[in-house]
Each structure stands twice: as C-alpha cells, then as structure tokens.
Amino acid sequence: MTAPDPAPDFVRATRRSYDAIGGGYARWTRDELAAKPLERGLLAVFAEHVVTDGGGLPLADVGCGTGRVTGHLHRLGLGVEVFGIDLAPGMLAEARRDHPGLRFEEGSMLGLDLPDGSLGGLLAWYSTIHVPDEELPRAFAEFHRVLAPGAPVQLGFQVGDEPLRLTEALGEEVSLVFHRRQPERVAELLRAAGLEVRAVVRKERDTEGPFPERAPQGFVLARRPRMADGYGGAESG
C-alpha cells in the first residue's frame, strides 16, 4: 500500500497541476524571458550580487519549473554552480530535457533539503505565488536558513490583493491559486524572517507583446545579513 503524502493540500494540488501541464508550459514559456528586458536586468543585478556576496557557493532556483531561468542564470557564466528545485516531477523532466548539463532536484521551499548556510544565492521567481499567506513566513525562514551570510535572495511575483484561481490551463484540468501580493508586504515578511531588504520594484502591467500580463509585477531583492550586521543590518554614513 502506498504511504499517504504528508505534504499540505496546496502542495499536492500545485504538484498535480504542474505535472499535468509540464510539456505545454515548457513550450509556452520557452521564449518569455527574451521578451522581458526589465526582468533580465533584475536577474543580472541579482546575479552580480551572487558573484560578489555569495562566497562562491551554489545558486538555487527554488520553484524552477521547467528550468528556463535556471538555464538563463547558468549562461551568464557566474563561476558558481546553478541548480534548480521544484515540486513537480513533470516540470523537472522538462527541465532536465531542456538543460541536460544542469542539476534539478525535487523538493519544497517549506523544507529545503539543504544544509544551513550552503547557498550563495536563492531565486524564487514566481514560485512563492502558490504559497498561502499563513505558510509564507515558514518559506522565508527556510530561505534565511540555507543562505550564507551576505548571500542574496530575489523574488518575483504578481502584485494585487486578491488571489487568482485557475481550474483550467493549457487545455488541462488544474487546481492552482496564484497569491498576488503588495511588494511592501513581501518586503515586510522578509524582514520578519531576518532578511535585509535591498530593493523593492513594482512594474506596471504590460498588456502588449507575446506575453501580456494579468496584473502588475513585483520584485524584491534581499540578503541574509552578514555576521557583523545582525538581523537588522548595519548602517553606515
């Protein structure tokens, strides 16, 4: 008899949904980043912080999906290992097919199978959007735990006050909740988890081009404070 899945209901629903749409999602999003210069710029800034502040430790793309952003970061030639983590085996299969030279692992941001302080950077690019509000502090506490002192974390998400619920996507039945959040609220929760916020960006909704957006987009760059900074961060000047 198969043992019951101990994961929360939202984790199981998200995994099943992305397993169902893995192939179609990979084809649909393959060229999305190429059409979004602002996002590429934000990722480049994040990558620079990984190089300068990450101590040469690996960079994890948590909630990597089909690995398109993992692959983009790898191609930047950062000089550190870039690998992906995702809930859905179906999405990981697409990631491994498209990026055979990179490492992709199954896992959840609520309990990362990584040692304390082992990452030189962590990307959560539109992956915290499926985590309910009450579970977000737990995820951010995990981010703090696995980051090395000084190492950055970059989030991307949709901006809003009400969630979007989908029961169909790419011709498949799904059960997905997209939690839209205000950037300052996300920043506040990161600070509460002991992370130091470095930048908060809001991008207005883009309705043109091949990838029109349903909502404005938010981006927050933070870091685990260095040992001398303490949780509140040190100020100078």
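How are helix 2 and helix 3 oriented to each other?

Modeller: The model is a predicted one, and what follows is computed from it. Two packed helices are described by the angle between their axes and by the distance between those axes. For helix 2 (residues 37-53) and helix 3 (residues 68-75), the axes come within 11 Å and cross at roughly 55 degrees. Angles from 65 to 115 degrees count as roughly perpendicular and those under 35 degrees as roughly parallel; helix 2 and helix 3 are therefore oblique to each other. The crossing of helix 2 with helix 3 is right-handed. On the side of helix 2, the contact is made by Arg40, Leu43, Phe46 and Ala47, and helix 3 contributes Val69, His72 and Leu73. Sorted by class, this contact of helix 2 with helix 3 has 5 nonpolar residues, 1 polar and 1 charged.

A second pair may be set beside this one. The axes of helix 5 (residues 136-146) and helix 6 (residues 183-192) come within 9 Å, and they cross at roughly 55 degrees. Helix 5 and helix 6 are therefore oblique to each other, and their crossing is right-handed. Leu136, Pro137 and Phe140 of helix 5 make the contact with Val186, Leu189 and Leu190 of helix 6. By class, the contact of helix 5 with helix 6 has 6 nonpolar residues, with no polar and no charged ones.

Notes:
Residues numbered from 1 in each chain as written. Predicted model: local features only at pLDDT ≥ 70, side-chain atom pairs only at ≥ 80, totals over all residues. Heavy atoms only, no water. Axes fitted to C-alpha atoms, helices over the stretch in contact; angles between N-to-C directions. Helix = DSSP H or I, 4+ residues; strand = E, 2+ residues; numbered from the N terminus. Parallel < 35°, antiparallel > 145°, perpendicular 65-115°, else oblique. Left-handed = near helix turned anticlockwise from the far one by under 90°. Contact = heavy atoms within 4.5 Å. Nonpolar A, V, L, I, M, F, W, Y, C, P; charged D, E, K, R; others polar.
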